[in-house]
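The sequence and the model are shown first, and the description follows.

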Amino acid sequence: MAHISCSHLSKNFGAVSVVRDLNLEVHDGEFLVLLGPSGCGKTTTLNIIAGLEDLSEGELRFDGKLVNFVPPHMRNIAMVFQSYALYPQKSVYDNIAFGLTLARTPRQEIDQRVRAAAAQLEIAHLLDRKPGQLSGGQRQRVALGRAIVRKPSVFLMDEPLSNLDASLRVSTRALIKSLHQALRTTFVYVTHDQAEAMTLADRIVVMNQGVVQQLGTPYEIYHAPRNVFVAAFLGSPQMNFVEGSIQPRGAALAFVQGTLVLPLEGDDLLRARRQGARPVLLGLRPEDIDVRQGGGGCGLMEALITLVAPLGSETHVNARVGEVELVLRLDKETPAAVGDVLQFSIPRGRIHLFDKETGIVLAA
Amino acid sequence: MNVLSGPAPAQAPHKPIWPVLAPKLVILTGSLLFLAYVLGPIYWVFASSMMSESEIVSKPPNWVPDELNLQNFRSIFFYSEEKVTYETRRATDPTAGSFVPSAAQNLVPALLNSLTVGAWVAALNILLSLTAAYAIARIRFRGRNAALYSILATRVIPDIALVVPLFLVMRNLDLVDSKLALVISYLAITLPFTMYILINYFESIPVDLERAARADGCSHFQVLWHVFLPIGMPAVVASLLFAFLSSWNEFLLALILTSTINGQTLPIVISGFVFDFTTSFSFINAAGVVAIIPPVLLAILFERHIVGGLTAGAVKG
């Protein structure tokens, strides 16, 4: 296990700044996920931690020891790649044993560890094959075996599931999670897939354009996004965003956009007061819109269904409230058809208010 | 039971066969002609090396030797002092005899010289070009592009322009008429090419493989040895063959830089037979056969390594 500390870490490729002033602590045995869109700097950050990229500025420490100039083979890391990166000329056995052979581990111990890892990953029957004779899922298991057999201090995984089909992705994801639970080693995992991030991570780092947008537990990231980017990046279907303004409604305030009027209460009211007259962006997750209960919260509203997308386990519908188009999530029993009028309410505390100019969530 | 009912299907109209057959015949004829063009001279060298002089010069040509005469090969490998002199040459029917040139005794030493020079050039090429190509293909360092382009720029200069400067350098180093002079010169000529072959191949190897090896605990040298060398074997073998064959066939520099059998290679010695007063076509062709065999054997030996697709399964295709 290792504690990783990134302090003011930056990486530039010529004039292009790929990672900017990254400050991050990865705790012993933690499963940390770097999440973000393509080109956000997450893989570069992982490569810097691995020692495969030099950093331009800042300090990187493993267990307090500065490793800025320590080459990868002296960092006691293991890495799994999106492309598997298996040695094509070696058998599965030799692929898994390669790191141990380099470390001059006794042959008997190598054999024992390779076979144990292969059994754990259910690839024991493939040990004599070459990578070219394996399926994608089998290859990724070999890549995982190559990593775990070395008992490294840190596992680094660069989108290891991205090349697998949907069903294999789910099973391999479960395998990785159980590996972490069994090994309790520090994992740093890069992905652009929010489902992977949410299901695997102890904590998630959301990155965009080389900058950390938010660091927190999956619950925090999902339920208390710090800005519009994080709010939009997590959640499927995406959070609804409605531009509007805060206007007085009697003694209180309300969010107003055309015919959509949401009276504000509690913390939302406090936040709205601080914002004053500046324009705001209302964020509303589809599953937070209550279509079954008419009462409570912000009162009952009506919406005209314009699109129905049944998924089997649930149904997504697009519905219009005045000029505003919302996406709602219905359970599979709720009937919905284009042209139907839907009644919905928004329970208290389920809305997110962002400053329209800065995109940052309104502070309480 | 016949389950079909109704009228019997109409018989298909007879299709002319020529439109289908003609293109195939054209391709076959073209291929055979090309094969004859390529293999004809080689066959003639082999066949005539075992013919008598009269058979070689006969009209119409005698394509198949009347009898297999291995006298020339015996003369090359078991040279005796019974060489032909001007007097014996005059006393013999020139179309009947197989004359052994006076310099025939130099063939085996020249063969060994060629093998020695070729082996050194090939070995040094691999050693130097592998490390240099890996560094240029995979390590980002200041001056990388300048190094690459300056190496390639040396090949823009024709060999003939280098002959005199090289001779002067070798003379000053007291290396004229030595195999070392040839090894150094051939290395300078072949190294940019072999580096270029390997750089291109190494750049095509997925970067994740190198990264995986480094994460597995490899230093740069170990990445080269354990990953790039096995995967790059087709390019390595191609470079090795190129370096060996280039030095095996090279004539101009060997002619200028060597003067005795101490350093002379096969092309120089064989070319000398043409000027011998006992020019024997069959003997020259036998020497040609001897010159052909080592590179052919080398190519056969390494042929199985010159195959593509060695990265199959390495990364997601």
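## Overall organisation of chain A

Chain A has nine helices and 19 strands. The model described here is a predicted one. Along the principal axes, the C-alpha atoms of chain A fill a box of roughly 80 × 45 × 35 Å. Of the 364 residues of this chain, 41% count as buried. Among the contacts in chain A with a separation of 6 or more, 65% are accounted for by residues 24 or more positions apart.

The domain assignment of chain A gives domain 1 (4-225) and domain 2 (240-355). The centres of these two domains, taken over C-alpha atoms, are separated by 40 Å.

## The largest nonpolar core

The largest nonpolar core holds 160 residues, of which Met79(A), Leu156(A) and Val188(A) touch the most other members. The largest share of this core, twelve residues, is supplied by helix α5 (residues 107-138) of chain B. Domain 1 (4-225) and domain 2 (240-355) of chain A both give residues to the core, so the core lies between them.

Not counting residues up to four places away in sequence, Val188(A) touches Val26(A), Leu32(A), Leu34(A), Leu46(A), Ile49(A), Val154(A) and Leu156(A).

## A pair of helices in chain A

Two packed helices are described by the angle between their axes and the distance between the axes. The table gives these values for one pair.

| Helices of chain A | Approach of axes | Crossing angle |
|---|---|---|
| α2 (residues 92-102) and α4 (residues 136-148) | within 7 Å | roughly 30 degrees |

Because angles under 35 degrees count as roughly parallel, α2(A) is roughly parallel to α4(A). The crossing in which α2(A) passes α4(A) is right-handed. On the side of α2(A), the contact is made by Val92(A), Asn95(A), Ile96(A), Phe98(A) and Gly99(A). On the side of α4(A), Val142(A), Gly145(A) and Arg146(A) take part.

## Leu166 in chain B

Leu166(B) lies in helix α7 (residues 159-172) of chain B. Is this residue, Leu166(B), buried or partly exposed? Leu166(B) has 19 other C-beta atoms within 10 Å, and a residue is buried if that number is 20 or more; Leu166(B) is therefore partly exposed.

Not counting residues up to four places away in sequence, Leu166(B) touches Ser185(B) and Leu253(B). Leu166(B) and Leu70(B) are 96 residues apart in sequence, and the distance from C-alpha to C-alpha is 41 Å.

Key
Residues numbered from 1 in each chain as written. Chains lettered and ligands numbered in written order. Predicted model: local features only at pLDDT ≥ 70, side-chain atom pairs only at ≥ 80, totals over all residues. Core = buried A, V, L, I, M, F, W, Y, C linked by C-beta atoms within 7 Å. Buried ≥ 20, exposed ≤ 12 C-beta atoms within 10 Å, placed from the backbone. Helix = DSSP H or I, 4+ residues; strand = E, 2+ residues; numbered from the N terminus. Domains from an automatic or database assignment. Contact = placed C-beta atoms within 7 Å. Axes fitted to C-alpha atoms, helices over the stretch in contact; angles between N-to-C directions. Parallel < 35°, antiparallel > 145°, perpendicular 65-115°, else oblique. Left-handed = near helix turned anticlockwise from the far one by under 90°.
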